[in-house]
Amino acid sequence: MCRIYLRCQKTKAKERYLKGKRERKKQRKAAARESAVAGNVGGRDDGEEDEHDNNGEKDPFIEEERASQEEREFEECPLLLQEDGDFKRLRKRQKLDNEDAIPDHSHLTAAESSPVPSSPISNFSDSLAETSGHRSPTPPLTSLPLFPLPSRPYVPEKSELALQGLDRALARAQVVDPLLSTPLSLDEDGDADNGISAKTVKRLRDLGITELFAVQTALLPLFLPSDRLKRSLYLPYEPPNDICVSAPTGSGKTLAYVLPIIEILSSRVVTRLRALVVLPTRDLVIQVRETFEAIAKGRGLKIASVTGQHSFSHEQAQLVDKTVNLQGGSSKVDILICTPGRLMDHLNGTPNFSLQHLRFLVIDEADRLLAQSFQDWQTRVLAATRPPTRVEADAAPREGIVTSIPYPDALAPGFLHLLRGVPTVFTDLDEKRESSCQKLLFSATLMNDPGRIAALELRNPHYVVVKSSSGDQQSGVLGLAMEKFSIPTTLKEHMIVCNSSQKPLMLFHMVHTVGITNALVFTKSAESTQRLVQLFEFFEIALSTNNKKPVTGRAYSSDLSPSERKSILEKFKAQEIDMLVCSDLISRGIDIKHVAHVVNYDAPVDMRKYVHRVGRTARAGRWGDAWTLVEEQEARYFKNMIKAADHAAAVSKFRVTEQELSPLMPFYQVALAQLKDAYAYTSARKVK
Ligand SMILES: Nc1ncnc2c1ncn2[C@@H]1O[C@H](COP(=O)(O)OP(=O)(O)OP(=O)(O)O)[C@@H](O)[C@H]1O
């Protein structure tokens with residue numbers, strides 16, 4: 001309303017002013033004509049600054065200037081500003097007001113020198129009334145408030161935000177320099193300095209391991225303290241702390257938990273399920289089982305794995321004795337390595353399969369596993385390791401009181417109150433008995449998700465972060481909190497920006513010109529894996545007519561049966577295959593020593609994926625190269641991703657020109673045509 005009113009006022013005033021101006025102009029012209037006729041040419045002195053004409057009339061130019069000034073003021077009206085949101089103008093207005101707010105009051109009366117500054121709107125309407133020669137019929141707008149200047153809120157740094165609400169245990173993390181290592185030497189007692197027995201040292205040496213890597217050096221004293229009581233299989237009154245480890249890919253995390261588990265379990269007399277290792281894929285289960293078997297050789301420990309590769313009953317027969325019903329459970333194995341899905345199957349459907357004797361629960365690739373629910377496996381597993389509370393125990397069905405235990409049962413100390421037929425009397429002097437299970441979380445990209453961590457019910461967790469940034473605590477913790485992951489220092493990273501249609505040719509160029517072999521090539525899906533391998537085969541056939549030895553490439557994806565996958569992986573390990581084209585199925589954890597190159601044929605969509613993929617090379621201190629083919633339209637996203645992880649400087653740009661690609665172009669076109677025919681033929685057969 002105000003706005004419309006002011007606009008109307010302005011228009012009428014302007015019209016009146018222009019009319020007056022025209023009349024004055026006419027009068028002046030007439031007067032000039034008369035004086036010219038009278039030969040009396042005179043006028044205003046140029047140097048005169050008086051705004052009034054000689055006859056006392058206002059100077060039209062000065063009037064015009066004033067009108068435009070008023071117009072400007074009108075434009076600067078805060079009401080309009082509010083709508084436009086033009087804070088610059090408001091700031092200018094306020095600046096002017098502030099200047100006005102320090103007037104010289106010496107010549108004013110008390111009433112005039114009121115500290116309340118007059119509103120620009122009231123000034124404007126007053127001057128408008130003056131200009132028009134009469135006052136507005138409506139009262140002038142006097143007290144419209146000036147909106148306060150918007151002040152920029154305090155924006156905390158990203159690092160500051162990352163540290164807020166950080167788990168206290170994580171804030172106190174032990175940061176370890178990745179270059180740390182300890183030689184495996186024996187002391188006078190025959191033990192190694194880090195608490196490893198002579199037997200294990202000998203076994204390690206047989207396997208060619210002569211020193212412990214940083215993560216192993218840091219972890220072994222935590223698992224194997226000099227106080228031997230703390231190495232007991234059961235610690236119901238003083239349960240061990242849980243441990244979370246973040247260390248780069250290929251830094252030896254597997255051995256860091258395999259060694260202490262074998263050392264501690266070697267003292268066992270009766271076989272019980274005491275170590276459970278959960279991994280995300282079958283391939284990883286096989287790999288970790290091999291490591292356990294290699295280190296535990298000659299120690300009498302029984303190791304098994306369940307992944308669903310064999311029948312359920314076969315696995316049950318391997319795991320438990322089903323003929324008796326035991327509260328303490330029965331186990332034919334000491335160490336079980338499994339995928340979460342199959343673990344749930346056995347928890348739900350295998351009699352006597354119990355986790356109450358667990359001393360170690362290892363969750364490897366923890367961030368990946370905890371992100372997937374698998375029938376809420378974490379909650380179920382944790383519940384199975386924890387002794388029931390008094391209320392739960394009282395509610396548990398018991399058989400009639402008998403004086404002797406009917407058959408030997410083997411409940412863990414924390415679960416003794418459940419013993420069938422034996423009355424339990426709780427007293428106030430009873431000490432609380434807890435599960436002796438120590439939870440161990442490992443990953444190269446350990447998550448910092450308070451919700452997920454809380455769900456694990458970690459007991460006084462101790463964090464170990466292996467990170468290169470000068471090994472200082474603050475940057476190590478910050479890196480983990482902000483998901484700035486560590487990459488092996490022996491890895492060289494490159495990116496190649498190219499047109500999407502050139503990508504296959506670019507890969508073939510890299511294989512033949514740069515000499516990429518013993519390579520893992522990651523694609524985004526099983527389907528693109530298959531297509532790329534087929535195109536590569538056609539290309540190699542076309543090129544081999546040119547007297548070149550063909551490079552062998554095979555696909556490795558979830559489309560293949562487990563036995564096919566196993567055989568392909570073995571051939572690749574035996575270096576019978578030069579290039580394995582795969583989906584993300586083997587992007588985590590897989591350890592193949594001779595992998596010298598990783599090619600991200602399809603750029604990874606997040607930093608975690610990138611870290612794990614490129615981490616398939618440059619393992620255990622060896623050198624390796626990672627190449628990422630980035631399509632032009634993805635380049636910005638990829639650069640931002642690595643920049644956000646403070647990793648942009650480590651990835652160098654590799655340029656390939658059209659001329660360099662041109663020699664391979666004819667073979668590529670032949671291969672493309674053949675691939676087209678092959679797909680046309682396959683789809684025609686499908687239609688039939
Ligand atoms: N102390 C050691 N001395 C020599 N080699 C070692 C040592 N510890 C581990 N290795 C070797 O280093 C390689 C990488 O180890 P491992 O697979 O445990 O890495 P990782 O940290 O689990 O990697 P990822 O995060 O990718 O799973 C393996 O081949 C392993 O045999």
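Helix H20 (residues 526-544) lies across strands E13 and E14 (579-582), and runs at about 170° to E13. Here helices (H or I, at least four residues) and strands (E, at least two) are DSSP runs, numbered from the N terminus, and axes are lines fitted to C-alpha atoms, for helices over the stretch in contact, with angles running from 0 to 180 degrees between N-to-C directions. Two residues are in contact if their C-beta atoms, placed from the backbone, lie within 7 Å.

The model is predicted: local features need pLDDT of at least 70 and side-chain atom pairs count only at pLDDT 80 or more, while totals for chains, interfaces and linings use all residues. Residues are numbered from 1 along each chain as its sequence is written.

E13 and E14 belong to an open sheet of seven strands in the order E13-E14-E12-E15-E16-E11-E17, with parallel pairing; two strands pair if DSSP finds at least two bridges between them. Its edge strands, which each pair on one side only, are listed here.

| Edge strand | Residues |
|---|---|
| E13 | 553-556 |
| E17 | 651-653 |

From one strand to the next the twist averages 25°. Strand E11 (residues 491-498) is joined to E17 by three bridges, the two running parallel, and Met495 has Lys653 in E17 as its bridge partner.

Elsewhere, the axes of helix H10 (residues 253-265) and helix H11 (residues 282-296) come within 10 Å and cross at roughly 45°. Among the residues that meet are Leu255 and Ile262 in H10, and Phe292 and Ile295 in H11.
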